[in-house]
Structure formats: structure tokens, C-alpha cells
Amino acid sequence: MGKAMVSDGLLQSVKTKRQAGILLEEIEIIRKGLFEAGEGAMNSLLKNKVRVETAEIVRETFSKVGVDKKGYLDKVEELIIKMPNVSLILAFEPSEGAVERFYSEISETTGKQVLLDIVYEPQIIGGAVIIFNGRYRDYSFKKIFKLEFERGRNKILNMAKERQANVNIKH
Amino acid sequence: MDTALLYITVLVASALVLLLIGLVVAYLRLVGKTMSLKEERKRESGLATIEQAQAKAQKMIEDARVQAQQVISGAQIFSSNQVTVLEKEIQNANRVNSAKFEESLRLVQNESIKMLSNVPKDVSATLSAQLVNIRATIQAEIEKASKDAKAQVDDAYKRAEAEVQNYKLQRLKQIDDSIISILEEVSRKVLAKQISHDEHEKLVMKALEEAKEQHVFFEEQEEEKTV
């Protein structure tokens with residue numbers, strides 16, 4: 001069972017690390033369900049224990065003739081585990097659409113499926129910090145902000161002192 | 001003079017003793033000779049000669065004894081006379097010697113008094129010189145101590161001043177840092193509120209593009225291939 005077989009199914013639904021975690025839990029539940037007797041038991045499990053999207057893909061795959069159900073689940077699990085992680089530290093909590101756009105941009109660049117590990121960190125003000133394959137790049141506003149403040153430190157301090165002096169004179 | 005007299009007396013006494021010893025020796029020889037003659041006469045069977053010789057010897061012995069008695073008694077008389085003379089001479093000598101001793105003692109005493117009378121002057125001069133030295137030394141020490149103390153105070157003052165200055169600078173830097181930190185925080189919050197979701201997304205997309213340009217998303221193998 002190759003990657004192509006599963007690429008249109010469960011793997012397409014996984015874009016973030018959080019989603020991957022949920023899917024791995026579901027795979028584990030379904031795998032346990034394989035050993036329970038009866039078609040009804042599996043249907044009940046897919047209906048009640050996993051998300052709709054996951055249930056539909058699994059049901060469709062399992063309905064094919066001669067499919068190795070356990071092998072399929074194992075392969076999906078293996079591919080998810082092997083997916084490279086891209087950490088994105090953001091200053092806002094992105095919408096689903098935003099995540100999809102980030103994912104598309106990155107997967108297009110890398111040419112493969114990745115897992116986004118999105119961390120919400122408002123201290124970075126804006127932009128993003130990207131960590132991939134041991135590389136760390138800070139494209140945040142915080143860095144620019146720090147640099148600008150450091151550069152204009154004396155100017156800012158002088159302004160603050162002048163302002164304080166004016167306030168004292170008025171009083 | 002007294003000493004000479006004493007010597008003469010001793011000399012005479014010694015001569016008499018020697019003479020007496022000589023007589024005794026002569027008497028002993030004579031006795032020996034008599035005995036030998038007696039033996040000889042006996043041997044020659046001359047008893048008369050022996051007796052005659054014995055009488056002669058007896059007489060000689062008697063004479064010698066008388067003479068020795070006279071010498072001894074003469075010597076005793078001379079000695080007893082001289083005892084008083086000797087005593088007198090000794091007394092004179094003692095007197096003269098004690099007079100000389102007293103004179104010497106007086107001279108020594110006078111010299112001592114003179115020396116002792118000079119001692120205070122010497123001591124005074126020496127003490128004055130020493131006092132001058134001591135005063136100079138103490139003054140120098142006081143000046144040195146004063147300079148040292150001044151230098152120490154100056155050093156301590158400079159150190160304290162430097163520490164105060166350092167502390168002041170540190171505090172000023174802390175204040176500056178606090179001001180910057182507060183301004184940063186305020187600015188950050190203001191700016192963060194000013195950025196909309198769309199703008200955030202655009203900023204992230206821009207960051208991803210930059211990362212792409214900087215080959216952040218390339219795998220190691222891909223990097224090797226490109227190289």
C-alpha cells in the first residue's frame with residue numbers, strides 16, 4: 001500500500017500538529033475496533049468515536065474490495081509520524097483559512113506534506129518566528145521593534161527627560 | 001731600712017742554725033769515728049786507747065754542746081732584742097703606708113668628685129643632642145603620618161566618589177532601561193492593537209516569503225543538491 005493510495009484520504013485532512021494528534025488517536029481507536037466482531041461494531045465506532053470527516057474517509061477506504069484495513073491504518077500513522085514539522089510562532093490566533101493558506105505556501109515551497117505547529121505568542125507583536133529542521137528565523141515585529149528602540153534609545157530618553165523637565169517647570 | 005734589719009736578723013738566725021747543724025754533723029761523725037776507732041782498738045786489743053779516745057770524744061762532745069748552747073742562747077738574746085725593734089719598725093712602716101694610702105685616697109676622691117661634677121654637664125649635652133635628634137625624628141614621623149593619613153583620606157574619598165559615580169551611573173542606566181522597557185511595552189501593546197487579523201496574516205505571509213527566499217524550508221539533501 002503506497003503513499004499515493006492514502007494521499008487523497010486521511011493525510012489531506014491533516015495540516016497542523018494538533019490535527020495530527022487527534023487523527024493518531026482516532027486511528028488507534030479504529031485499529032482496536034478492527035478486532036471487535038461484526039460490521040455493526042465498526043459502523044458504531046466510526047459513527048460515535050471519531051470525527052465525521054475521518055469516519056467518511058475510513059468508511060470509503062474500508063468499503064473497497066480486498067483492502068488491508070490494518071495495513072492502511074498503520075501506513076497512515078507512519079506517514080503522519082514521519083511528516084516534517086514547521087513551527088510557526090504567531091502574534092495572533094489564525095483562522096482555519098489562514099492556516100490553510102500558510103500550509104499551502106509552505107508545502108508548495110517544501111514540495112511535501114508538513115505539519116504546522118502553531119504557537120500563539122502575542123509578545124512578538126506581529127510577523128512570525130519560523131523554526132524548521134533546526135533552523136530558527138525571527139521575522140517578528142518584536143525583533144524590528146527592539147532594534148529600532150535600541151537605535152533610538154538615546155533619542156527616546158532625551159525626549160522623555162525633556163518632557164519630564166517641562167512637566168517640572170509647569171509645576 | 002726596717003726591712004733590711006729584718007733580713008739581717010733572719011740571716012744571722014739562719015747562720016746560727018746552720019752552724020748548729022754543722023756541729024751536730026761533726027759530732028755524729030766524731031761519734032762514728034770514735035766507734036770505728038774503738039772497734040779498731042778492740043781489734044788491736046788496746047783498751048786504754050779506747051778509753052782515752054772515749055774521754056777525748058766525750059770532752060769534744062761536751063765542748064761542742066757548750067758551744068752550741070752558747071750559740072743558741074746568743075741567738076735567743078738577739079732575737080728578743082730585735083722583736084721590739086721590729087715591732088717599732090713595723091709600726092712605723094704601717095704609719096707611713098697608711099699616710100700614703102690616705103693621701104692616695106684623697107687624691108682619688110678629689111678626682112672622682114671632679115669627674116662626678118662634670119657628669120651632669122656631659123649628660124646634659126648628650127641629652128640635649130639626643131633630644132634634638134628625637135624631636136627631629138618625631139617631627140618627621142608626625143609629618144609622614146600626616147601625609148600618609150592625608151593620602152589615605154584622599155584615596156578613600158576618591159574611591160567613595162568613584163563608587164558613588166558608578167552607582168549613580170548604574171541607577172541612571174536602570175532608570176533608562178525602565179523607561180525604555182515601559183515605552184516598549186506601551187508601544188507594543190498599542191501597535192498590537194492596531195494590527196488587524198488580515199494585516200497579521202499578511203505579515204506572516206511576508207515572513208514565509210522571506211523564509212522561502214532565504215531557503216529556510218529546504219531539506220539538508222536539497223541544500224546539498226543545490227550546492
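Q: In the hairpin of β3(A) and β4(A), which residue takes a positive phi?
A: Asn133(A), with a phi near 50°; the hairpin has 2 residues between the strands. Strands here are DSSP runs of E with at least two residues, and helices are runs of H or I with at least four, numbered from the N terminus. This is a predicted model: local features need pLDDT of at least 70, side-chain atom pairs count only at pLDDT 80 or more, and totals for chains, interfaces and linings use all residues. Residues are numbered from 1 along each chain as its sequence is written, with chains lettered from A and ligands numbered from 1 in the order in which they are written.

Q: How many bridges join β3(A) to β4(A)?
A: There are 6, and the two strands run antiparallel. Strands count as paired if DSSP finds at least two bridges between them. Phe132(A) stands opposite Arg135(A), and Gly127(A) stands opposite Ser140(A).

Q: What is the strand order in the open sheet?
A: The order is β2-β1-β3-β4 in chain A, with mixed pairing. β2 and β4 are the edge strands, each pairing on one side only. β1(A) and β3(A) are antiparallel and joined by 5 bridges.

Q: Is β3(A) mostly covered or mostly uncovered?
A: Mostly covered: 5 of its 6 residues are buried. Buried means 20 or more other C-beta atoms within 10 Å of the residue's own, exposed means 12 or fewer, and partly exposed is in between, with C-beta atoms placed from the backbone.

Q: Switching topic, which strands does α3(B) lie across?
A: β1, β3 and β4 of chain A, at about 40° to β3(A). The angle, on a scale from 0 to 180 degrees, is between N-to-C directions of axes fitted to C-alpha atoms, for helices over the stretch in contact.

Q: What does Ala207(B) touch?
A: Gly127(A), Ala128(A), Ile130(A) and Tyr139(A), leaving out residues up to four places away in sequence. Contact means C-beta atoms, placed from the backbone, within 7 Å.

Q: How many residues does the largest nonpolar core have?
A: It has 40, and Ala207(B) is among those with the most contacts inside it. Such a core is a set of buried Ala, Val, Leu, Ile, Met, Phe, Trp, Tyr and Cys residues joined through C-beta atoms within 7 Å. α3(B) supplies the largest share, 5 residues.

Q: Why does this core lie between domain 1 and domain 2 of chain A?
A: Because domain 1 (3-82) and domain 2 (84-171) both give residues to this core. The bounds come from an automatic or database domain assignment.

How values were computed. Two residues are in contact if their C-beta atoms, placed from the backbone, lie within 7 Å.
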